[in-house]
Amino acid sequence: MQIGVIGLGRMGGNISRRLMKAGHRCVVFDTNTKPREALAKEGATAAASLAEMMKMLADKPRAVWVMLPAGQITEQTVEHLGALLEPGDIIIDGGNSFYKDDIRRAKKLAEKKISYIDCGTSGGVWGIERGYCMMIGGPNEAVDHLDSIFAALAPGFGAIPRTPGRENGASRAERGYVHAGPCGAGHFVKMVHNGIEYGLMQAYAEGFDILRNKDSKDLREDERFALNLPDIAEVWRRGSVISSWLLDLGAAALAKDPQLKEFSGYVQDSGEGRWTVEAAIEEAVPADVLSTALYARFRSRQEHNFGEKMLSAMRFGFGGHIEGNESIDPEPKSKELQSHSAAKAAE
């Protein structure tokens with residue numbers, strides 16, 4: 001299948017490569033010429049503009065995957081595509097847009113009979129090798145049409161044992177992607193996924209901070225332990241109930257530098273954690289751990305402890321996030337959505 005990919009950063013570039021490896025034909029665009037030229041050398045067709053991309057996409061309906069940061073740049077790109085595409089064509093937002101923005105965009109594009117799919121995409125810089133876990137929202141017909149695209153990007157069954165009770169039949173979920181519901185549902189599920197990620201990472205970070213400080217001079221001498229954190233992280237990876245990919249990344253960072261000296265502990269939040277807490281408030285669902293994990297990231301920007309260095313190390317491990325290279329706060333939501341949230345809170 002032929003597909004356009006807009007945004008060739010850490011995720012977009014590797015998504016294109018994984019698709020091409022599976023035999024799909026990618027037409028790629030980025031405002032930066034270097035990544036599109038690099039992908040052209042690997043077999044992609046590079047477009048110099050969105051208008052040129054539309055001419056290069058010969059398969060009908062045309063499908064365009066947008067892989068850009070959430071906020072104004074994605075908003076403008078989707079709006080521009082809406083003016084270029086034809087009825088029946090499909091836009092996929094594979095970034096981390098706010099799910100209420102998806103609902104609004106889908107309604108607007110539906111007026112032109114253009115389908116909109118929101119696809120929460122997890123996998124970070126490792127996705128090209130491991131595959132991407134995808135949470136998809138959108139109309140059935142459009143999602144089914146792109147099934148071969150999602151299947152190529154997903155991890156597949158892999159070596160993970162099948163869940164008891166799911167032995168009969170092969171579902172998309174078992175292969176690493178799920179059609180969660182209508183427009184907005186995919187990014188909503190991904191939003192909560194990232195909120196949980198905050199909580200998991202914070203638990204590891206606090207645990208390792210407690211371990212590290214067990215040799216504190218404030219403790220009785222016979223109760224002090226100089227613990228080997230790299231070895232503890234390693235043994236927890238093997239047969240422990242708290243083993244996980246996040247722990248794998250933390251263990252790798254500690255093996256490289258037990259003091260995590262290259263990390264300051266300044267931890268950003270990309271927006272999904274905030275939106276998850278907002279959703280919990282709207283639904284009156286207690287979210288103690290997820291809320292506290294978000295507030296810990298705010299605090300990390302004022303003072304840094306070892307636990308926050310551990311958080312930074314794990315974020316760098318799975319997403320290549322570099323301290324100081326991200327905006328301090330996620331881009332604010334539109335005034336329309338802010339007013340709606342305020343009205344809901346007042347009810």
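Where does Leu-260 lie? Leu-260 lies in the loop between helix 12 and helix 13. Helices here (H or I, at least four residues) and strands (E, at least two) are DSSP runs, numbered from the N terminus.

## About the model

This is a predicted model, where local features need pLDDT of at least 70, side-chain atom pairs count only at pLDDT 80 or more, and totals for chains, interfaces and linings use all residues. Residues are numbered from 1 along each chain as its sequence is written, and side-chain values use heavy atoms, with hydrogens and water left out.

## Backbone exceptions

Most residues other than glycine have a negative phi, and most peptide bonds are trans. Leu-260 is not a glycine, yet its phi is positive, about 50 degrees. Leu-260 is also buried, with a relative accessible area of 1%. Buried means under 20% relative accessible area, exposed means over 50%, and partly exposed is in between (1.4 Å probe, protein chains only).

Lys-113 has a positive phi too, of about 60 degrees, and is not a glycine. Its place is in the loop between helix 5 and strand 6 (115-122). Lys-113 is exposed, with a relative accessible area of 62%. The peptide bond between Lys-60 and Pro-61 is cis, with omega of about -5 degrees. Pro-61 sits in the loop between helix 3 (50-56) and strand 4 (63-66).

## Helix 12 and its partners

Two packed helices are described by the angle between their axes and the distance between the axes. Axes are lines fitted to C-alpha atoms, for helices over the stretch in contact, and angles run from 0 to 180 degrees between N-to-C directions. Take helix 11 (residues 229-236) and helix 12 (residues 245-256): their axes come within 9 Å and cross at roughly 155 degrees. The two are therefore roughly antiparallel. Angles under 35 degrees count as roughly parallel, over 145 as roughly antiparallel, 65 to 115 as roughly perpendicular and the rest as oblique. Helix 11 passes helix 12 in a left-handed crossing. That word applies if the near helix is turned anticlockwise from the far one by less than a right angle; clockwise is right-handed. Helix 11 makes the contact (heavy atoms within 4.5 Å) through Leu-229, Pro-230, Ala-233, Glu-234 and Trp-236. Helix 12 brings Leu-247, Ala-251, Leu-254 and Ala-255.

How do helix 12 and helix 15 cross, and at roughly what angle? Their axes come within 9 Å and cross at roughly 110 degrees. They are therefore roughly perpendicular to each other. Residues of helix 12 that meet helix 15 include Trp-245, Leu-249 and Leu-254. On the helix 15 side, Phe-306, Met-310 and Ala-313 are among them.

Phe-306 lies in helix 15 (residues 306-319). Phe-306 is buried, at 3% relative accessible area. Leaving aside neighbours within four places in sequence, its contacts include Phe-208, Arg-212, Leu-229, Leu-254 and Leu-260.

Ser-264 is in the loop between helix 12 and helix 13. Ser-264 is partly exposed, with a relative accessible area of 31%. Not counting residues up to four places away in sequence, Ser-264 touches His-304, Lys-309 and Glu-323.

## Helix 13 and helix 14

The axes of helix 13 and helix 14 (residues 288-300) come within 10 Å and cross at roughly 145 degrees. This crossing is left-handed. Gly-273, Arg-274, Thr-276 and Val-277 in helix 13 meet Leu-290, Ser-291, Leu-294 and Phe-298 in helix 14.

## Aromatic rings

How many aromatic pairs does the structure hold? There are 8. Rings of Phe, Tyr and Trp (its six-membered ring) pair if their centres lie within 6.5 Å; planes under 30 degrees apart count as stacked, over 60 as edge-to-face and the rest as tilted. Phe-98 and Trp-275 form a tilted pair, 4.9 Å centre to centre with 50 degrees between the planes. This pair links distant parts of the chain, 177 residues apart. Phe-98 is in the loop between strand 5 (90-93) and helix 5 (99-110), and Trp-275 is in helix 13 (residues 272-283). Phe-98 is buried at 4%, and Trp-275 is buried at 10%. Together with Tyr-99 and Phe-188, they form one aromatic cluster.
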